Each structure stands twice: as C-alpha cells, then as structure tokens.
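Take a look at the sequence and the fold, then read on.

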Amino acid sequence: MRPFTLNYARPSGQSAAVPPYHFDVSLQLNVLPDGRPAVSDRALLMASGTTTSTAGSQTHFDD
C-alpha cells in the first residue's frame, strides 16, 4: 500500500551543500566538529535560517 502523501510528494533533488554539523544520537542534537552543540554557533544559525511549525496551533490555544 502506498501512503497518500507519496502521491503528491516531489523529489527536490540532491543538494551539493554539506552541513558543518552532524546529528549525535546519544545527545539527540546536532553537534559541530569540535563537539559543541550546533545551536551555540550564531553565524551558522543566521546562515541556515529558521523553520516554524503550526502543527498544534489549530488545536491548542496556548501554542
């Protein structure tokens, strides 16, 4: 059975960019090569932009 969303999903192509961080499974967060959490690098945060979620906004008044 094919999930419904796959009928409409389109591949975006592969990005040639290599992020300067990796996901650490034990810490459950992205870390820089020197071991610091990626969120501590302000320049990286500014360059990568932000995302927002409205998943709970439609059902919870306090989100």
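Start with Gln28: at 55% relative accessibility, Gln28 counts as exposed (buried is under 20% relative accessible area, exposed is over 50%, and partly exposed is in between, using a 1.4 Å probe and protein chains only). Gln28 sits in the loop between strand 1 (22-24) and strand 2 (29-31), and although Gln28 is not a glycine, its phi is positive, about 60°.

A word on where this comes from: this is a predicted model, so local features need pLDDT of at least 70 and side-chain atom pairs count only at pLDDT 80 or more, while totals for chains, interfaces and linings use all residues. Residues are numbered from 1 along each chain as its sequence is written, and side-chain values use heavy atoms, with hydrogens and water left out.

Zooming out, the protein chain has 1 helix and 2 strands, running β-β-α from the N terminus on. Helices (H or I, at least four residues) and strands (E, at least two) are DSSP runs, numbered from the N terminus. Of the chain's 63 residues, 10% count as buried. The chain exposes about 6100 Å², with carbon and sulfur atoms supplying 58% of it (areas by the Shrake-Rupley method, 1.4 Å probe; for residues, only the protein chains shown count as cover).

Now for the strands. Asp24, in strand 1, is buried but has no salt bridge, and the nearest side chain of opposite charge, Arg36, is 13 Å away. Here Lys and Arg count as positive and Asp and Glu as negative, with His and the chain ends not counted. What Asp24 does have is a polar contact of 2.6 Å between its side chain and that of Ser26 (a pair of N or O atoms within 3.5 Å; within protein, one must be able to donate a hydrogen and the other to accept it, and residues adjacent in sequence count only if both atoms are side-chain atoms).

Over in strand 2 lies Val31, which is buried, with a relative accessible area of 3%. Setting aside neighbours within four places in sequence, Val31 is in contact (heavy atoms within 4.5 Å) with residues including Asp24, Arg36 and Pro37.

How many salt bridges are there? The count comes to 1, taking a side-chain nitrogen of Lys or Arg within 4 Å of a carboxyl oxygen of Asp or Glu. Asp34 and Arg36 are the partners, at 2.8 Å, N to O.

| Residue | Relative accessibility | Class |
|---|---|---|
| Asp34 | 53% | exposed |
| Arg36 | 38% | partly exposed |
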